[in-house]
Amino acid sequence: MSFIFGTIICLAIIAGTAWAFRRLGQYGTGNAPQYRDMSFGVAFGYVLALVVLVWLGLAYVASLSSNTVVANKFFFLGVAINGFILFSIAAWLFRMIGRHVGTESTRKLFRVMPLTASFGVLIILVYAILAIFAGAIAPYGQDEILQGVAANIIPGGDPALGGDPAFPLGTDQIGRDIMSRLIYGAQNTVGIAFATTLLAFFIGGSLGFLAAVVGGWTDQILSRGVDVLMAIPSLIFALLLMTIASVWSSRLGIPLTVFMVLIIAVIDSTRVFRLARAVGQNIVVMDYIEAAKLRGEGMWYLVFREILPNATAPLLAEFGLRFCFVFLTIAALSFLGVGIQPPLADWGTMVRDSAAFINFAQFAPKAALTPLLAAGAIALLTVAVNFVVDWMLHRSSGLKE
Amino acid sequence: MTDTLLEICGLWLEGQSEEKWKPIINGVDLTLKKGEVLGLIGESGAGKSTLGLAAMGFCRDGVRISHGSVEFDGIDLLTASAAVKRGLLGKRIAYVAQSAAASFNPAHRIIDQHVEGPTQHRVMSRTESEADGMALYAKLRLPNPDQIGFRYPHQVSGGQLQRAMTAMAMACRPDLIIFDEPTTALDVTTQIEVLASIRDIVKDFNTAAIYITHDLAVVAQMSDKIKVLLKGDEVETADTRTMLSAPTQEYTKSLWAVRSFERPLKSPVVVGSIPSVSVQNIDAAYGKSKVLFDVSFDMHEGRTVAVVGESGSGKSTVARCITGLLQTTAGQISFGGEVMPANYRKRTKDQLRQVQMIYQMADTALNPRMSIGEIIARPVQFYLGLTGKAKRARVDALLDQIELEPSEYYNRLPSELSGGQKQRIGIARALAAEPKFIICDEVTSALDQLVAEGILRLLAKLQDDLKLSYMFITHDLATVRAIADEVVVMKDGRVVEAGPKKEMFTPPHHPYTDLLLSSVPEMDPDWLTNLLQERGVDNIGDAAVCKM
């Protein structure tokens, strides 16, 4: 009850301040258009944003406090704000470097790049380097159990908390270096997710365009088939197929991972199919498609030369999103134990293995960081991919700010 | 208190392109008295629409007013607060957009959109406004005025929708209406109905209007004054009659002269010669509804056959049958005496090559992701098997033929060209196949008069050089007069009249041909009034109803 009451009072105070803010603005600037035509909602928004910012600032100060109870309460917020500032600076520096190094065309690219995109590009680059050179960068092997090392899940390598400076992110329950496993995880999870998404787009995209161009029975058969596949909950379907595949893989001697890529690709291609078909149907009615048909062009030329270039924008947007979903599906399957198999390092499995430590968040936030490291790696890449895709969309659609 | 309603002084507008501000309108002045109609003409890109919107104190995204003033009835619209403008727009100033079909919300009934203005501005209650809307529909001579408002926009025709939009603009009885090309997308016969009803209602309510168009004949009927714009500069302003009889500027004279283009008559076709394309007694249907009935005509080498008729008359369907996109249900089509398979998929590459098509909307006819070079090179490679240097040389030759500089245009994308240039690329793509026969489907109807004339002259020159035969689909009889050798008039899927141009333009006519011919606006400012009287209606606008 008091909570509701407090909320109402807070809102009333914000509303009053907003009204006063607008009035002051009108009075102070001699009725300048921006204050004169400001609606109350906008004024309210400004004040609300200010309140939130002030609260964030206070919380950040509190997270640095020497009182551990207070500091713990705002620990994660502090980490997030630090991360935000650090990444912003890194992205800005990266863009600065890009603007002065490289060929004329890449410099021009960096000049028009927004900060979010340069952040995305930077993160993707870092991930790519980590994934490709994992073997050279990681100090230990992904399945290397270090003898005589106590399990130590607290990152930071602080000996006072039982850490060891040799393992900056700690070691897991059976004595494997977490940092090495994170780096190898990039290779396994990202590589597989990328391959799967590409495959899903190839299958879904080409069939979708085919359905759009040919229409009639082909369209009916393909679309109804996709409807059937989509009617089954995708995760459960994937689980079911993975269980079957695990039998086959040992019999046929094909790694389970190959089956996983195929299964997720097929299930995900249904969404791509629908998009490609819808986009394709809008394009096939254009006169230039009719002109190409009347010229006697074949199906391959129609789909890949006439339609595909005009469908890249929505497909790219979908690619960013779909990549993240595939990524999460793989993590989920691994979490459930049928995805990437141990001892291969994988972020989903790593979250599962240390998920119990989340419970420590209240009194020992650093201990709870362990599962969040892998989860954060997933989240960071997801955000980065979407930033880059947004920017590419913006460029390809030719929209101006 | 003077009777000046709108006064624009030294208005400069700038538009943003590639992060630079470039001028669009350079210091235009404009005064409009109450009840006066001003015609604003110029080719596309002249800034007509931008100026029209600026008269409402509004700028599109990426456009800004750099200086000048817009004063409406003593209120400065550029500095007025949002609240003041809200009170004016829709209530005292209204806007009629070019494409009513795109401007109505397809999810709401027409009357629901009509009453929005009056109820929002508290001019009338909903019931009053509905009744008033029906009265306006009746005044604008919409069929079933009591019921038409309760339909959705897709359930009425384009011309009716355009009138419904005019009614909507009238809903609050504004002092000023801005008409942005309200009849450009309509047929001549429909255009008359809309023109007459607009003129009628503007006069009845003593509304001032700015009428934006690129059609001089239309503006001559509608306006008291004419202002000519060229690339954002005012060329001249004068009273309609003065302007038409004695234009002072070179540019205005050139605009007036466009309609004079006409090709010399050709000798009649030798009897017994084999036509390059012959349409023989074809019937066609979309699903179960039959759209073509026993259509036959011949097209000979080096000649142009114009197929005219209003929309829905089946002229484009004939083209679809000739190309093989739509299979005929009876009859046949032969090229040079040889019968063609009805389905384009069954035709050989060489048969496909002989028929090429140029489309009405150059925007959708060119793949926006391919460069001009690629677009033209494809048929060259596909049909003639040229590659490498030979292909490039052929494309360059084609670009020369359509009067575009090859080195400059080869790598451009369609979006970097103007409408007329895009249409030229369409022509080049058709020529690249080295056809004998080209179907031109309303190729000039989306273009300004000057540009359209350029295209017509180019087509005429190409025909003389390459002995092409054209099938020219159009609803614009001025175009027919300019380019055709023979004319086929169609109505409701039947050929109503056919013959050489000379015969077609001299009486006696089939009554439908007569209606079409008399509906073409003429430069004479009294033309509409005279025509309406001639058609036996004393009041303006009633003529529209006396359809066949």
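Q: How should I read the numbering and the model itself?
A: Residues are numbered from 1 along each chain as its sequence is written, while chains are lettered from A and ligands numbered from 1 in the order in which they are written. This is a predicted model, in which local features need pLDDT of at least 70 and side-chain atom pairs count only at pLDDT 80 or more, whereas totals for chains, interfaces and linings use all residues.

Q: How many helices and strands does chain A have, and into which domains is it divided?
A: Chain A has 16 helices and 0 strands. Domain bounds come from an automatic or database domain assignment; in chain A they give domain 1 (2-63), domain 2 (71-140 + 148-161) and domain 3 (183-397). The centres of domain 1 and domain 2 of chain A, taken over C-alpha atoms, are separated by 35 Å. Contact between these two involves 5 residues of domain 1 of chain A and 6 residues of domain 2 of chain A. The domain 1 side of that contact has 4 nonpolar residues, 1 polar and no charged.

Q: Is a helix such as α6 of chain B mostly covered or mostly uncovered?
A: Start with burial: a residue is buried if 20 or more other C-beta atoms lie within 10 Å of its own, exposed if 12 or fewer, and partly exposed in between, with C-beta atoms placed from the backbone. Helix α6 (residues 158-170) of chain B is mostly covered, with 12 of its 13 residues buried. Its buried residues pack against several elements of chain B, including α5 (126-139) and α7 (188-204).

Q: Which way do the residues of strand β16 of chain B point?
A: In a regular strand the side chains alternate between the two faces of the sheet. In β16 (residues 355-358) of chain B, B:Val355 and B:Met357 point one way and B:Gln356 and B:Ile358 the other way, and all are buried. Two strands pair if DSSP finds at least two bridges between them. β16(B) runs parallel to β17 (residues 437-441) of chain B, joined by 4 bridges, and B:Val355 has B:Phe437 as its bridge partner in β17(B).

Q: Where does B:Ser313 sit, and which residues does it contact beyond its neighbours within four places in sequence?
A: B:Ser313 lies in the loop between β13 (304-308) and α11 (315-323) of chain B. B:Ser313 is buried because 24 other C-beta atoms lie within 10 Å. Leaving aside neighbours within four places in sequence, B:Ser313 is in contact with B:Met490, B:Lys491 and B:Asp492. B:Lys491 is 178 residues away along the chain, yet its C-alpha atom and that of B:Ser313 are separated by 4.6 Å.

Key. Two residues are in contact if their C-beta atoms, placed from the backbone, lie within 7 Å. Ala, Val, Leu, Ile, Met, Phe, Trp, Tyr, Cys and Pro count as nonpolar, Asp, Glu, Lys and Arg as charged, and the others, Gly among them, as polar. Helices (H or I, at least four residues) and strands (E, at least two) are DSSP runs, numbered from the N terminus.
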